[in-house]
Amino acid sequence: AAADRSGPVTRGVIGSWQLRKEDDRLLRGDGRFTDDVEPAHVLHMAVGRCPYPHARIVRIDTSAAEQLEGVKHVLTGADVRAATEPLGVLRPVPGAPRLPYYALAQDVATHEGQPVVSVVATSRHVAEDALELVDVEYEPLPHVVDVLAALEPGAPVLHPDVLDSNLLAANSDGSGDPEARIREADVVVEGRFRINRVTALPMETRAVVAEWRPGARELTVHTSTQVPHLIRKQLAESLRLQESDIRAVASDVGGGFGLKLGVFPEDVLACLHAMALRRPVKWTEDRAEHFRNSTHARESVHDYRIAADAEGRILAMTDVYATDIGGWNSPFGSAQLSSVVLNGPYRVTDGYAERRVTLTNKTPIGAYRGYGQPEVNFAYERLMDTLARRLDLDPVELRAKNMLTPAELPWKNPTGAVYDSGDYEKCLRMAAEAIGWDAHRGTPRTPRADGRIRGIGFSSFVERTGYASARFLARRGSQFGAHESVTLRANRSGGIDVWTGVSTMGQSAETAFAQVVSEVFGIGYDAVKVHAGDTSASPLNTGAFASRTMIAASGALKEAAEELAAKTLRLAAWRLESDPELLEIAGPVVRRRDDASVSVTLAEVFGTAITGQGIPPGEEPGLEATSHFEPADAAYSFGTAAALVAVDPGTGEFEIERFVMVHDAGTVVNPTVVDGQVRGALAQGFGAALTEELRYDAETGQLVNGSMVDYFPPTAADLPPIELLHTEVPSPVTPFGIRGVGEVGTIPPGAAVANAICDALADFGVELDTLPITPEAVWRALSGRSDG
Ligand code: SMO
């Protein structure tokens, strides 16, 4: 049986299609999400939330709620303050003071939906009924929901005990003398670009099940997270426990997308209740809660400038932007990456990014796929087209002229990012060719028979994937490292078990990990089993975010597999009375390179190691290896997208007829997975570019469209046809040359579509500077109306 499941010889498995390890259980409905965890005697939590954008909590009376039959426990802000520390921030903005963000609001709540009281009862229904009996007296305070208004003098200040304005932190990064270059320039284009507030909207909302065994000092926390080991750290700090008291488990996660990157108030609350009651406590977020108290994303206003000479050579790029983080600094943090990739793929030595991290009375902003990079791409790629028009240059040629060439890389950009390698222009040319730019460029932008005008737009980008070393992170105050860790352990069935702290959230980590082990060790793909997302059964790793999992984990997998293979060969050589150098691992057996008939099964060799019976003198028993690997630096993915749109100049209605995405993820581990990652991120990118926007009413400070009835993520049927093309330039800074791929699709849709519409409507002088791009916005631009 062992031989059967070990499969055939597998060299070449990296880069090949393999059936996804995750699919069998997910397609059979056999996945195990947090809400599937149902311990005996479990109780259910419901959370009461502030209905105002900004309010003082004058008084809370929970007595009637406590009397309700079935209610077991109630917590208020005072209880939480006595029993916990404020939630920590994993990736703080440099220079930002720490805000006292407790799991329940203290004197003042700073956004609609902030948790104020929590109730545990025999059922969720009873707990929610009890919430209605909690009497909270609120004193509404003046609020501010606009990011620029929040920075004005006289705006209501959200955290006056810590800050005297709503500016949490301001910092600037840059090089050269951009202001001098701007003075010398032949042309300067500038614009204010508004990026919409959206949310990641994972199909599985957040959820937590907490169980406390006081005698064992063991708090088991099942929670839907991308970072079990970091959640364990944050929970230990907040609950004043030792990390060793906590086991955090995230088995299947139904989408993370950055949203599930840090501890949330409800995680702490469920634990507190469970510890007080000594009964398991469960909470699953409903969608209305998700819209108001899971994190939002992206909202920012960029004042961007590009200066160039008369030939279109870029002299300087600057970005001054305000990023709206809502009512608290979320426990992951708000250090979005807009400044890191300030200049995209272009050769710029003089430039700076200045960010203003700003508090408003809205739901906290967290990480979301792309994490600042779609935002800045919209600004610089819109302006590249403006610059081309101003200089009467072809937008493709303007981009090509300014793109860093392969010979110039590695290259340090103005904010210190070191672009590793790549051929940016090749992707641009491929996109231009595929979309038919040459045939289109000279045609008049007049309506065809269907009454619509065609336009083509491009967006070129680089994307930081993974990140620099732990040494670099230390300077920024980050609470995590840059490595990824795995444990490999041989088993007596002839297979290899892999343990990882990375949780499995749709990114196909189990599949890709098994491919690397299979390739490096020489064992069948089916003989590798990956166990993910349990802090008690994995080495202490970092986690799945920043498109970093394969960049770092591939190195750990390689090192551990090599160590295991070397020992396997030594043990087999002893057994076969041969020499390790004469042997090879081939699927289910170890055999002589020159005589395949001299062989021993892996099951047999692994068995000798595990029992210690029949191993050479001097060898230790056991066949297990743990590796922690930190890549040399971040790898920068890159590419160009091109959109072909048809616009009705009478109504502003438009259709994306074609969308070409040319992308380089370096060495591809599994082509199907890479395609799926790019398509999935593009879908989220189109949503943010075209239809999604969380809107707040300025007067009431309320989120006006926090439900699936009036918030519009695209369905599969809404997406334009997507044509994917890949180039494959290996990165010199990561094992196997891998670049990250998880987030990249979110970056170009906004700029590519806006540029295509502006190309179609060039004769009307239409410029789009705001996301999302709606037919109404196009119509307003056409009719010169900006009033809302
Ligand atoms: S926004 Mo991502 O999970 O770093």
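This is a predicted model: local features need pLDDT of at least 70, side-chain atom pairs count only at pLDDT 80 or more; totals for chains, interfaces and linings use all residues.

Reader: What makes helix 18 mostly covered?

Author: Helices (H or I, at least four residues) and strands (E, at least two) are DSSP runs, numbered from the N terminus. Helix 18 spans residues 602-611, and seven of its ten residues are buried. A residue is buried if 20 or more other C-beta atoms, placed from the backbone, lie within 10 Å of its own; it is exposed if 12 or fewer do, and partly exposed in between. Leu602, Val605 and Phe606 are among the buried residues. Just after the helix, Gly612 takes a positive phi of about 75°.

Reader: Why is strand 15 called largely enclosed?

Author: Eight of the nine residues of strand 15 (residues 351-359) are buried, so the rest of the structure largely encloses this strand.

Reader: How do you know that strand 7 and strand 15 pair?

Author: Two strands pair if DSSP finds at least two bridges between them. Strand 7 (residues 167-175) and strand 15 are joined by eight bridges in the antiparallel sense, and therefore they meet that definition. Ala169 has Val357 in strand 15 as its bridge partner.

Reader: How many bridges join strand 14 to strand 15?

Author: Nine bridges join strand 14 (residues 314-326) to strand 15, and the two run parallel. Ala322 stands opposite Arg356 in strand 15.

Note on methods: Residues are numbered from 1 along each chain as its sequence is written.
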